[in-house]
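Dear colleague,

Please find below the structure that I am handing over to you.

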Amino acid sequence: MKISRKVSLATRRLQISRSLIIFCGLLCTSAWWAYVVSVASSRAWIASTTASSGYSPSTAVDQNDGNEIKAYSVTTQTTGNSFSFDGKNLTHDVLHHRSINLPSRANRMVAHLNHSAPLSSLIYPLHAKSGTYHAYVYIGTPPQRQTLIVDTGSRLTAFPCHPHCPDCGTHTTKPFHLNQSSSYKIVSCEDCRLAQSDFPLEDYFEGDEIGGNSGDGGPPPRLRSNKYNPSKMQHQQRRHLFPNTCVNDRCEVDQRYTEGSSWRAFEVEDKVWLGLNDTAQSAEVHDKFSAPFVFGCQVSEKGLFKSQYADGIMGLSMYTQTLVDVWVQAGSIAHRSFSLCLNQEGGLIALGGTALTHKQERHESLGMHLSPMQFTPFAKENVWYYTVTVTSISVGKYMLPAGILQFVNDHKGTIIDSGTTDTFISHKVAKAFIAAWHAHTGRSYSNRLQQYTHEQFINLPTVTFELLGGIPWEITPYAYMEAEDHIDNDVTRYRKIPWEGKRGFISRIYIDEPHGVVLGSNAMTGKELYFDTANRIIGIAQATC
């Protein structure tokens, strides 16, 4: 009886197991056929939509390995929605991919960016020369003018001082004569200002290079000392200080840039304010608004700093010793913010707010926003440069795969750097960028001189970085292409008026950056950018200025 019972139970269990296997098999088979039908339906929808929209697949050949990548751009007739995808991730891209999925915290942050920027009355001109943008800065009593590069990618302000820099280059303005100012003060070794950091010093040294041809790239400013002590360095790092900077009883700083330029200076404090080309009018404004500010009095220049047009550099990154922060502390401006509006010939800088609005509230000569300003948060903490989060990149109508976004948002991220002339993109994006460029133009992408008819030129793709919050940052061919016969202050004439035959142009978007992206001044043209360090947001608006 016991044995027979055991056999019956085993038989019953076997029967139940067989039933479960058959049921699971039927269930899996049904799911498989449902998947096959859905994929087939998706492909049929794609084919019919592509045909009805008048688009056909374009094949882009990767210049590195010769592989063909089929890229599509489809606009549905019923909804007008656009989808971009490649042949390898067809269903996923069509159904799910428009931009990266953002964490709920980031979504909440963007949702709360219902922000407006104050309108500034402190607006000053910028002028462009040799790919860089310059402001007139007046220093001392009586004020002396210096022409300085406006640089959101670095934190220090410096220019040559007479008679301390006999080997400095010849620039557009004569050197600042220290002894002709009654208000200057050489900063003592007990009060070095430019040695201070706004967060633990290790964060400065652990960051990646900013890249490009300007900015605080590579190691941070090396501060010199004839009393350097390694054990003292650790103590100063904890106090948020750079190494001892006292040389010959002066605070000295040695600044190096990624493209190889450098300068050395000692710290001086004097009254500083922006101004105009008219020195008399600028002196009146200087008396009203100027504030004591510590800058670098250069004693040597190397590389581009020695040969450049500008006298020096004005760092505008996030740092307590930049001009904007000092002017806020002195009460010269009400809000810790500024804006830049760049065009091919120059532009505007506004202090404490924006220069323009979407409505024509200013004199028409200033310009206006072509669309309302949109806002996106700073992407990174504990850095002195301005970073944004990129959610998609498109070359014309071709969106690059979402997988490349890690290479533009990780490490240093995507930086807005007005002191860098060109735009630089991570080399890990190059493969997808080249394929999309070829699909759009039928040409291989290159930074070498290429010839274009006017029709070919105007049909070159707009490169679009979509930022967190769905904000498009567009870089048009008029911004990233540099003409072979480039003439300063005459760029509009030979680009926008049709020409006969072919003309030579060089693309100034480089896809060889080690990490991240640098949006240089060519990417900033045609926009007003509002840098609100108080609220840690950046405002962007297409603009004329």
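The findings are set out below by topic.

This is a predicted model, in which local features need pLDDT of at least 70 and side-chain atom pairs count only at pLDDT 80 or more, while totals for chains, interfaces and linings use all residues. Residues are numbered from 1 along each chain as its sequence is written, and side-chain values use heavy atoms, with hydrogens and water left out.

Aromatic pairs. The whole structure holds 19 aromatic pairs (rings of Phe, Tyr and Trp, the last by its six-membered ring, with centres within 6.5 Å; planes under 30 degrees apart are stacked, over 60 edge-to-face, the rest tilted). One of them is the edge-to-face pair of Y124 and W273, at 6.2 Å centre to centre and 85° between the planes. This pair links distant parts of the chain, since Y124 lies in strand β4 (residues 122–129) and W273 in strand β12 (residues 262–275), 149 residues apart. Strands (E, at least two residues) and helices (H or I, at least four) are DSSP runs numbered from the N terminus. Both Y124 and W273 are buried, that is, under 20% relative accessible area, where exposed means over 50% and partly exposed in between (1.4 Å probe, protein chains only).

F424 and Y510 are stacked, because their ring centres are 5.4 Å apart and their planes are at 20°. Here too distant parts of the chain are linked: F424 belongs to strand β23 (residues 423–426) and Y510 to strand β29 (residues 509–513), 86 residues apart. F424 is buried, at 12% relative accessible area, and Y510 counts as buried at 15%. Ring pairs also join Y452, F457, Y478, W499 and F505 into a cluster.

Charges over rings. The charged end of R155 sits over the ring of Y319, 4.4 Å from its centre (NZ of Lys or CZ of Arg within 6 Å of the ring centre and within 35 degrees of the ring normal). R155 also lies over the face of W384, at 5.1 Å from the ring centre.

Helix α8. Six of the eight residues of α8 (residues 323–330) are buried, namely L323, V324, D325, V326, W327 and V328. G331 follows the helix and has a positive phi, near 85°.

Strand β11. In β11 (residues 250–256), six of seven residues are buried. Five bridges join β11 to β12, and the two run antiparallel; strands pair if DSSP finds at least two bridges between them. Q255 has W263 in β12 as its bridge partner.

Yours sincerely
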